[in-house]
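Hi,

Here is the structure I said I would pass on. Have a look at it first, and my notes follow below.

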Amino acid sequence: MFPNSILGRPPFTPNHQQHNNFFTLSPSLYSHQQLIDAQFNFQNTDLSRAVSLQQLTYGNVSPIQTSTSPLFRGRKRLSDEKNLPLDGKRQRFHSPHQEPTIVNHIVPLSGERRYSMPPLFHTHYVPDIVRGVPPFREIPFLEPREITLPEAKDKLSQQILELFEACQQQVSDLKKKELCRTELQREIQLIFPQSRLFLVGSSLNGFGTRSSDGDLCLVVKEEPVNQKTEARHILTLVHKHFCTRLSGYIERPQLIRAKVPIVKFRDKVSCVEFDLNVNNIVGIRNTFLLRTYAYLENRVRPLVLVIKKWASHHEINDASRGTLSSYSLVLMVLHYLQTLPEPILPSIQKIYPESFSPAIQLHLVHQAPCNVPPYLSKNESNLGDLLLGFLKYYATEFDWNSQMISVREAKAIPRPDGIEWRNKYICVEEPFDGTNTARAVHEKQKFDMIKDQFLKSWHRLKNKQDLNSILPLRTAILKR
């Protein structure tokens, strides 16, 4: 998102190294970054300036001018840079016309659970590796391991594979989002020094497409954050920071005051749309749970992608309009694959409970998938048959009135009696916190539209055996 010259680090050249079952880790990507972020390399830092800032107060009382911050050094542009192309010029964040950044501690960490990273301006630090999660410790960049795609001998399966290969998110797409996350984290840490920014959702869970938006989770503390008060206030500060300091790189930042508030914005460099939330910790955990399922069996990702494209084409894949979220759709596909007479997927939370425990610290959650070997299923159904079976299952077999979809249990279970589940048309259990991921479907008209589309598409596809009968292939590929 921002030129590497700003940070004084070498260009983005990750070192690809094979790792275990599912991922390629690129440790060299962060070797230089970690030295900067953790502030263990003080070679170019004026400690006297850092110490002097301790006398300043935080919050809304006395703002700290970023021009004096040791994180960035002001420097005039060299005369020979004037003729460089735009992306080659050194960009200056600390223009005298920009508003000062406020280092805000409105969400302090308790003494018992304080992060082990030192406060920004401490001069002496002994790391405490026992207590909280170090806020500046980076999760290694993850790339999917190259896995063999399933064979496609029939026309329908070939069409599904063609769609998948054309539309799946590329490593280059992920790197753009990761670079944006890295630079935004550095900017946000000017306001909340002990915060961390995580890339979550489809961008990282293995089910992304080339057109997938980026989802970001800003973690300011380990404890839950009140979404109506704390989260909104935090995002208000982030939104203001984006508008005043980063308008050259970010466009259309919007603060959406929903039940879970977010800041929506577009990165001008990568042209990716982002949604940023605060402390949606479960979103980080389920990202790596879904990522494990994505690479557990080679039919999972192509099947999920075609179903997401199908649902989007028929306008039943938009939680903001009362239909199914992409997350709910993915869980529905996983559930279907778990409940076949010969299952294609197990419940990995049951088999590996220690790897997916909610108690695992956030900077360790990315390691969990590495402990899970590929699943060898005896089910040899092709992709075309699985797509037909998925449509038939939810059109004719699943009992919407009394059952709940549970990936955690790998089966349909009776609906709970809690108030959250009453009068709900579709119940999909969130694997970690047990909430209903399909609660957006609260109108009978929308529910009937979803059921009707499952039934119509099943009949159409069964008769035609052509993906174009339910999803125009060329249009879907053009949309990516």
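This is a predicted model: local features need pLDDT of at least 70, side-chain atom pairs count only at pLDDT 80 or more; totals for chains, interfaces and linings use all residues.

The structure has 15 aromatic pairs. In one of them, the ring centres of phenylalanine 390 and phenylalanine 454 are 5.7 Å apart with the planes at 55°, so this pair is tilted. Phenylalanine 390 and phenylalanine 454 are both buried. Then there is tyrosine 393 with phenylalanine 398: centres 6.0 Å apart, planes at 50°, and therefore tilted. Tyrosine 393 and phenylalanine 398 are buried too.

How do helix 12 and helix 13 pack? Their axes are 8 Å apart, at an angle of about 140°. An angle over 145 would count as roughly antiparallel, and helix 12 and helix 13 are therefore oblique to each other. Their crossing is left-handed. On the helix 12 side the contact uses Leu387, Leu388, Phe390, Leu391, Lys392, Tyr394, Ala395 and Thr396, and on the helix 13 side Phe454, Leu455, Ser457, Trp458, Leu461 and Lys462. Sorted by class, the contact of helix 12 with helix 13 comes to 10 nonpolar, 2 polar and 2 charged residues.

Next is helix 9 (residues 300-313), whose axis comes within 10 Å of that of helix 12 (residues 383-397), crossing at roughly 50°. That makes helix 9 oblique to helix 12, and the crossing is right-handed. Pro302, Leu303, Val306, Ile307 and Trp310 from helix 9 meet Leu383, Leu386, Leu387, Phe390 and Leu391 from helix 12. The contact of helix 9 with helix 12 has 10 nonpolar residues, with no polar and no charged ones.

And helix 4 (residues 155-167)? What is its angle to helix 12? It is about 90°, with the two axes 7 Å apart, and helix 4 and helix 12 are therefore roughly perpendicular. Here Leu156, Ser157, Ile160 and Leu161 of helix 4 meet Leu383, Gly384 and Leu387 of helix 12. That contact of helix 4 with helix 12 divides into 5 nonpolar, 2 polar and no charged residues.

While you are in helix 4, click on leucine 163, which lies in that helix. Is leucine 163 buried or exposed? With a relative accessibility of 0%, leucine 163 counts as buried. Leaving aside neighbours within four places in sequence, leucine 163 is in contact with Leu305, Val306, Lys309, Leu467, Leu471, Leu473, Ala476 and Ile477. Take alanine 476: its C-alpha atom is 7.7 Å from that of leucine 163, although the two are 313 residues apart along the chain.

Finally, the chain as a whole. It contains 14 helices and 10 strands, and buried residues account for 52% of its 480 residues. Of the contacts between residues at least 6 apart in sequence, 70% join residues at least 24 apart.

Cheers

Terms used. Residues are numbered from 1 along each chain as its sequence is written. Side-chain values use heavy atoms; hydrogens and water are left out. Axes are lines fitted to C-alpha atoms, for helices over the stretch in contact, and angles run from 0 to 180 degrees between N-to-C directions. Helices (H or I, at least four residues) and strands (E, at least two) are DSSP runs, numbered from the N terminus. Angles under 35 degrees count as roughly parallel, over 145 as roughly antiparallel, 65 to 115 as roughly perpendicular and the rest as oblique. A crossing is left-handed if the near helix is turned anticlockwise from the far one by less than a right angle, and right-handed if clockwise. Contact means heavy atoms within 4.5 Å. Ala, Val, Leu, Ile, Met, Phe, Trp, Tyr, Cys and Pro count as nonpolar, Asp, Glu, Lys and Arg as charged, and the others, Gly among them, as polar. Rings of Phe, Tyr and Trp (its six-membered ring) pair if their centres lie within 6.5 Å; planes under 30 degrees apart count as stacked, over 60 as edge-to-face and the rest as tilted. Buried means under 20% relative accessible area, exposed over 50%, partly exposed in between (1.4 Å probe, protein chains only).
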